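Biologist: I would like a close look at a single part of this model. Please take me through it step by step.

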Amino acid sequence: MKKSLYTIPLKGAGSAAEGVFQFDIDSHFFNRYEGSEILEAQVEVSSILKEEYGVIEIESFFKGTIVSTCDLCLERVTFPIEFSNLLLVKSSTSEECDDQSEVLYITKNEKEVDMAQYFYDLLYLSLPVQRRHPTGECNLEMLKKFEEIRVDRSVDIPSPFEKLKDIFN
Ligand SMILES: [Zn+2]
């Protein structure tokens, strides 16, 4: 298996090597995930690792841009992002449960934390619910084409009310 570029080293025995870790997330990162709705990315991540009372805390700051598909015209649309997120890393024998933060469980003898899936999930969640160009910036040619298709279809497909009429007649 190819080694992940997005790991944070641990000192072993669940203990952390404190410090700041920098990651660059680019389009290659998302190419590894089949069917990813993020098509391109240029995101810098700073992860600050601390250890307190045997719990490892990793606070990550994300800043950059991600590119997805516009819901209306299907062209690429860029979204700026800037947010931070706290991840707790606990050894899997730990019993307490913290609902406030995201928790990643590792085994006692793990030497590093692989952040790749966590980064992917967070960036995916940071996509807006409605992925659209700002008003007036959609590709007009595409919009026109979709409108034509919609009109064609509405001719062919009888509305559900037509079918109901048949049933009641
Ligand atoms: Zn658009």
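Which residue in β4 is the bridge partner of valine 20? Please go on from there to the sheet around that pair and to whatever covers it.

Modeller: The partner of valine 20 is isoleucine 48 in β4. Keep in mind that this is a predicted model.

Start with the strands around that pair. Strand β3 spans residues 19–26, and strand β4 spans residues 40–52. The two run antiparallel and are joined by 8 bridges. On to the next pairing. β4 also pairs with strand β5, residues 55–69, again in the antiparallel sense, over 13 bridges. Within that pairing, alanine 41 stands opposite isoleucine 66 of β5. The hairpin of β4 and β5 has 2 residues between the strands. There, tyrosine 53 takes a positive phi near 50°.

β5 has another partner. It runs antiparallel to β6, and 14 bridges join the two.

Next comes the helix. Helix α2 covers residues 116–125, and its buried residues are Phe119, Leu122 and Leu123. They sit on the same side of α2, because they cover an arc of only 95° around the axis. The general rule is simple: an α-helix has 3.6 residues a turn, so residues three or four places apart point the same way. The face turned away from the buried side of α2 carries Gln117, Asp121 and Leu125, which are exposed. What covers the buried residues of α2 includes β3, β4, β5 and β6 (76–91).

Isoleucine 58 counts as buried because it has 22 C-beta neighbours inside 10 Å, and the cut-off is 20 or more. Leaving out residues up to four places away in sequence, isoleucine 58 touches Ile8, Ser47, Leu49, Leu87 and Val89. Phenylalanine 21 is 37 residues from isoleucine 58 along the chain, yet their C-alpha atoms are separated by 9.8 Å.

Finally, the wider setting. The protein has 4 helices and 8 strands. From the N terminus on, its elements run β-β-β-α-β-β-β-β-β-α-α-α. Of its 169 residues, 16% are buried. Among contacts between residues at least 6 apart in sequence, 59% join residues at least 24 apart.

How values were computed. Residues numbered from 1 in each chain as written. Predicted model: local features only at pLDDT ≥ 70, side-chain atom pairs only at ≥ 80, totals over all residues. Pairing = 2+ DSSP bridges. Buried ≥ 20, exposed ≤ 12 C-beta atoms within 10 Å, placed from the backbone. Arc of directions from axis to C-beta. Contact = placed C-beta atoms within 7 Å.
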